[in-house]
Amino acid sequence: MLSVLRLGRGACRRTGGRAAAAVRSRGGLLGQVRLASCLLQELRERYLDAVSVTFGARCVQADWRQSGSGGQEVCRLTFQQQSGSSSSSSSTGSTTSTISVTASSSSSSSSSSSEAVTEWVEESSFVIGADGAGSSLRAAMETSSSTPFSVKRFPDKNTIVYRTIPLFWPKELATSRPGDVNYSARTKSGINLDCLPTKEGPFIGVMLYKPGDKRIAALKTDEDVRALFQEHFPAFLPAVREVDLQRFADKPDCSLPTFSYAGPVLHYGHSTVLVGDAIHTVKPYFGQGVNSAFEDVAVLEKALDETDDDAGAAVRRYSQLRAKDAEALVVLSHSLDGGFTTFVGPLILDSMLHKLAPKIFSPNIIASLQNEAWSFAQIRARKRWDRALQVGLLAAVGVVLLRMAAALLGLASKLLGRVGAV
Ligand SMILES: Cc1cc2nc3c(=O)[nH]c(=O)nc-3n(C[C@H](O)[C@H](O)[C@H](O)COP(=O)(O)OP(=O)(O)OC[C@H]3O[C@@H](n4cnc5c(N)ncnc54)[C@H](O)[C@@H]3O)c2cc1C
């Protein structure tokens, strides 16, 4: 995972009395670790009496049942934690048992080591699942037959993998490069480099390429990496430290997430909702992942406010408010994932037409996504309308041209007829 997040749609702020995040400004960059530690600090300072934080625990199973005489629905989450992981405070009201499992050793596939794993169950009448693109909670909701919840997964037609490398600009070069801008080097070779700034100083270079790229697979030594940079990104070579060349060669390829969205509801029963990548996973090109996750939180807060914190009503309201946007974000992003014809071409066309007729054609997709006044569903509808207008416009221009051509031909044949008669 990268350590810097591009925010294409805004930044977080506190809203009302809740520790919610909302989206309100145009773009920016956040260090991922900084964001996590900031949220953790907020939790510790303000909500320690209400929240316990456990690190290194994995939810391995979820199910739902009625509890007590009132028959209130509770979500039961089974967690596992390997020994050595820490917890900032003990979980109250949970059932804990210690079991032992055998885990494969990372150094050799044939050897194995036994590690103690603690397993326990947490029960709650309100669960917010934010466990990302590989969400266990989502998997449990998907397999349950008592909800219309489902997940649409798009086949990846444009698979891209990446490796990262830190870039330290020498002082004499750093002054000519603003530290808060991200750079992108696009080459005809099919290997591209994105450089994301960090508050700490170094940029994070993200090299993107197709899986199995022979030039990347052939990297074995620091010299190989230097030669690759020399050939494709010579301007960036002064920022690469010697020590990172070999590390880059040794790194495995990392995969970008594939497109998927959940719907038509984003909740289960009366107790459980999903937010973030668990309901809308997109590739990170447009910096929408974190922003849209923040928006989910803001929408959930709105739903809780509207329903006076009635969990059952709030989760249903949240689905009503957010499911269409989750779908629209993914469908829109997926439609752009193809190169010139699906992304650059429409971007240029939309920009030109918007400039010519701003009241008729909406801004290009990137500018539209950055406009937090529009929901993703509204942007999707506007873009459909734009496309329909563009097709209509092209058809009208085509008809006019055809008529002009026919008229010219008619005129030409008349003239030729007269000349022949003379
Ligand atoms: C290479 C890359 C670059 C990206 N760049 C950007 C960017 O520049 N800008 C941007 O906006 N977005 C970017 N994204 C997307 C962004 O990281 C995600 O959209 C965002 O982190 C989603 O937040 P989340 O909380 O839903 O999921 P995550 O951030 O993935 O968090 C999920 C958390 O749940 C934990 N978890 C997972 N499974 C379990 C389980 N079973 N039990 C317990 N815990 C579990 C994980 O350990 C993790 O801590 C990028 C993604 C990638 C892969």
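View 1. Phe233 is buried, at a relative accessible area of 3% (buried is under 20% relative accessible area, exposed over 50% and partly exposed in between, with a 1.4 Å probe and protein chains only). The model is a predicted one, in which local features need pLDDT of at least 70 and side-chain atom pairs count only at pLDDT 80 or more, while totals for chains, interfaces and linings use all residues. Residues are numbered from 1 along each chain as its sequence is written, and side-chain values use heavy atoms, with hydrogens and water left out. Phe233 belongs to the loop between H5 and H6; helices (H or I, at least four residues) and strands (E, at least two) are DSSP runs, numbered from the N terminus. Neighbours within four places in sequence aside, Phe233 is in contact with Ala185, Thr187, Ile191, Asn192, Leu193, Met207 and Leu228, where contact means heavy atoms within 4.5 Å. From C-alpha to C-alpha, Phe233 and Ala185 are 7.6 Å apart in space, and in sequence they are 48 residues apart.

View 2. Rings of Phe, Tyr and Trp (its six-membered ring) pair if their centres lie within 6.5 Å; planes under 30 degrees apart count as stacked, over 60 as edge-to-face and the rest as tilted. By this rule there are seven aromatic pairs. Trp169 and Phe236 form a tilted pair, 5.8 Å centre to centre and with 50 degrees between the planes. This pair links distant parts of the chain, 67 residues apart: Trp169 is in the loop between strand S9 (161-167) and helix H3 (171-174), and Phe236 is in the loop between helix H5 (222-232) and helix H6 (242-250). Trp169 and Phe236 are both buried. The pair of Phe233 and Phe236 is edge-to-face, because the planes are at 80 degrees, with ring centres 6.4 Å apart. Phe236 has 10% relative accessibility and so counts as buried. One aromatic cluster is formed by Trp169, Phe229, Phe233, Phe236 and Phe248.

**View 3. Charges over two phenylalanine rings.** A charge sits over a ring if NZ of Lys or CZ of Arg is within 6 Å of the ring centre and within 35 degrees of the ring normal. Arg163 lies over the face of Phe248, 5.8 Å from the ring centre. The charged end of Lys152 sits over the ring of Phe154, at 5.0 Å from its centre.

**View 4. The sheet that contains S9.** Five strands make up an open antiparallel sheet, in the order S10-S11-S12-S9-S13; two strands pair if DSSP finds at least two bridges between them. At the edges stand strand S10 (183-185) and strand S13 (254-255), each with a single partner strand, so one side of each has no neighbour in the sheet. S9 and strand S12 (residues 203-209) run antiparallel and are joined by seven bridges. Met207 is the bridge partner of Arg163 in S12.

View 5. Buried residues in helix H2 (residues 136-143) are Leu137, Arg138, Ala140 and Met141. Down the axis of H2, these buried residues fall within an arc of 160 degrees, so they line one face of the helix; the arc is that of the directions from the helix axis to the C-beta atoms. At the start of H2, a side-chain oxygen of Ser135 comes to within 3.3 Å of the backbone nitrogen of Leu137. Ser144, in the loop between H2 and strand S8 (150-153), is buried at a relative accessible area of 16%. The side chains of Ser144 and Tyr268 make a polar contact (3.3 Å). A polar contact is a pair of N or O atoms within 3.5 Å; within protein, one must be able to donate a hydrogen and the other to accept it, and residues adjacent in sequence count only if both atoms are side-chain atoms.

**View 6. Backbone details in two loops.** The peptide bond from Gly263 to Pro264 is cis, with omega near -5 degrees. Pro264 is in the loop between strand S14 (260-263) and strand S15 (267-268). Asp308, in the loop between helix H7 (289-306) and helix H8 (311-335), is not a glycine but has a positive phi of about 55 degrees. Asp308 counts as exposed, at 71% relative accessibility. Asp309 is also found in the loop between H7 and H8, and its phi is positive, near 60 degrees. The relative accessible area of Asp309 is 47%, so this residue is partly exposed.
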